[in-house]
Amino acid sequence: EGAMSVGDFAKLLQREPAELIKRLLLLGVMATINQEIDTDTMELIASDFGVTLHVVEPVDEEALDMLVEEDDPASLVPRPPVVTIMGHVDHGKTTLLDAIRESKVTATESGGITQHIGAYQVEIADRQITFLDTPGHEAFTTMRARGAQVTDITILVVAADDGVMPQTVEAINHAKAANVPIVVAVNKIDKPDANPDRVKQELTQYGLVPEEWGGDTIFAPISALKRQGLEELLEMVLLVADVQELKANPEGRPRGTVIEAKLDRGRGPVATVLVQNGTLKVGDIVVAGTTYGRVRAMVNDTGRRLKTAGPSTPVEIQGLNGVPSAGDQFVVYDDERGARNLVEKRMSREKQEQMQNTARVTLDDLYRQI
Ligand code: GDP
Ligand code: MG
């Protein structure tokens, strides 16, 4: 989706491929001329050459009208940060996500019946933090490929016994392209061969300089396995959130992004959505991608039924007439007919695009045969 080979991208920028390959190396990406690079990397390279790259997303006029509703600044109130965890494979992303979720489970009275809904909230110092439960780059890249930005802060996990690795660099590039601040969690400090200073040293090459060395990146030493340093890490995340002054209007039109969705045998289509503005309520008519429906029930990550869900709250909703895709935006419509019309329009356009693609493929095949 939107990716391009190094060679083609060089042509677009009117540069020599070798020049691009050199720049990619500086970003820590080893590439050949035929290798595909993603849109985030393309944006970074383009800006290196002084070119601003606009990744064009298909515009949906009606939806845009509904989404671009100005909120009165006076109606904005602080909202919890939405955090994703990224890092190289085996550096401890899943362990960290589990550790943070568990610390919360023991704290709730419900006895720890957590649901996997693709996102969860934890409370620290009387404040909430929302975590997207998709470790790795999926949450980031699938969402961004669809024009959705949900992440406010990225925790970059780097194992202290392994240091900066290729996916560490990739994660940094994604976060930079999306303008999302990074908090570095130096993990596995319990290991005898842990070398947190080396991690700091290596990351300076990528512009992540710790405060004690004159930079502004926060480094938190942790052991996800031994549950050490987690509270401090979360407090640092809140500190970064304070700087961002994240706000939303709980009274505005409810909208947000689909985090994940599936067809459940008993309950039909269920979608985990992140509410980004407004307050979603049971009974609301929702359009999400090419699906719509009235919200029949909402459940949070502890399995509790909710009647309302405000900004930065992840909830699993029932009542859509189909399964939307991760990254689809959702918006609440005033009437069911308007919702149905929009969805029908989108579906027929999608069908048309598919037909055009098929036609193109057939033509290509034809040429190949000739
Ligand atoms: P992911 O691929 O980034 O999700 O990494 P995992 O969370 O699956 O962890 C990879 C391995 O590292 C597992 O065997 C974990 O038990 C181990 N691990 C994760 N965090 C720590 C830690 O803080 N200390 C130690 N010693 N091992 C850890
Ligand atoms: Mg994992």
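Which backbone N or O atom lies 3.0 Å from an oxygen atom of ligand 1? The backbone atom belongs to Ala224. Let's take a friendly walk from this ligand into the protein around it.

**Before we start**

This is a predicted model, in which local features need pLDDT of at least 70 and side-chain atom pairs count only at pLDDT 80 or more, while totals for chains, interfaces and linings use all residues. Residues are numbered from 1 along each chain as its sequence is written, chains are lettered from A and ligands numbered from 1 in the order in which they are written, and side-chain values use heavy atoms, with hydrogens and water left out.

**The whole chain**

The protein chain has 10 helices and 19 strands. Here helices (H or I, at least four residues) and strands (E, at least two) are DSSP runs, numbered from the N terminus. Of its 370 residues, 47% count as buried. Buried means under 20% relative accessible area, exposed means over 50%, and partly exposed lies in between, using a 1.4 Å probe and protein chains only.

The accessible surface of the chain is about 19100 Å², and 49% of it belongs to carbon and sulfur atoms. Such areas come from the Shrake-Rupley method with a 1.4 Å probe, and for residues only the protein chains shown count as cover. Contacts (heavy atoms within 4.5 Å) tell us about folding back of the chain: among those with a separation of 6 or more, 74% join residues 24 or more positions apart.

**Around ligand 1**

There are 15 residues around ligand 1, and Asp90, Lys93, Thr94, Thr95 and Asp190 come nearest. To be near, a residue needs one of its heavy atoms within 4 Å of the molecule. Helix α5 (residues 93-105) gives the most to this shell, with three residues. By class, the shell has three nonpolar, seven polar and five charged residues. In this scheme Ala, Val, Leu, Ile, Met, Phe, Trp, Tyr, Cys and Pro count as nonpolar, Asp, Glu, Lys and Arg as charged, and the others, Gly among them, as polar.

The table gives polar contacts of the ligand; a polar contact is a pair of N or O atoms within 3.5 Å, and within protein one must be able to donate a hydrogen and the other to accept it, with residues adjacent in sequence counting only if both atoms are side-chain atoms.

| Residue and atom | Ligand 1 atom | Distance |
|---|---|---|
| Asp190, side-chain N or O | nitrogen | 2.7 Å |
| Ala224, backbone N or O | oxygen | 3.0 Å |
| Leu225, backbone N or O | oxygen | 3.2 Å |

Taken alone, ligand 1 exposes 580 Å², and the protein buries 74% of that.

Which residues of helix α8 (residues 196-204) are buried? They are Val199, Lys200 and Leu203. They sit on the same side of α8 because they cover an arc of only 100 degrees around the axis; the arc is that of the directions from the helix axis to the C-beta atoms. As background, an α-helix has 3.6 residues a turn, so residues three or four places apart point the same way. The buried residues of α8 pack against β7 (153-159), α7 (166-177), β8 (182-187) and β9 (218-221).

Helix α3 (residues 39-48) is largely enclosed by the rest of the structure, because seven of its 10 residues are buried. Among them are Thr39, Asp40 and Met42. Just after α3, Gly50 takes a positive phi of about 75 degrees.

**Buried residues and their partners**

Asn173 is found in helix α7 and is buried, with a relative accessible area of 4%. Not counting residues up to four places away in sequence, Asn173 touches Leu27, Val29 and Leu44.

Pro81 lies in the loop between β3 (77-78) and β4 (82-87) and counts as buried at 2% relative accessibility. Pro81 and Ile129 are 48 residues apart along the chain, yet their C-alpha atoms are separated by 5.5 Å.

Val258 lies in strand β11 (residues 255-264), where its relative accessible area is 0%. Val258 and Asp328 are 70 residues apart in sequence and 5.3 Å apart in space, C-alpha to C-alpha.

**Two positive phi values**

Most residues other than glycine have a negative phi. Asp90, in the loop between β4 and α5, has a positive phi near 70 degrees and is exposed at 63% relative accessibility. Glu245, in the loop between α9 (230-244) and β10 (247-248), has a positive phi of about 50 degrees and is exposed at 57% relative accessibility.
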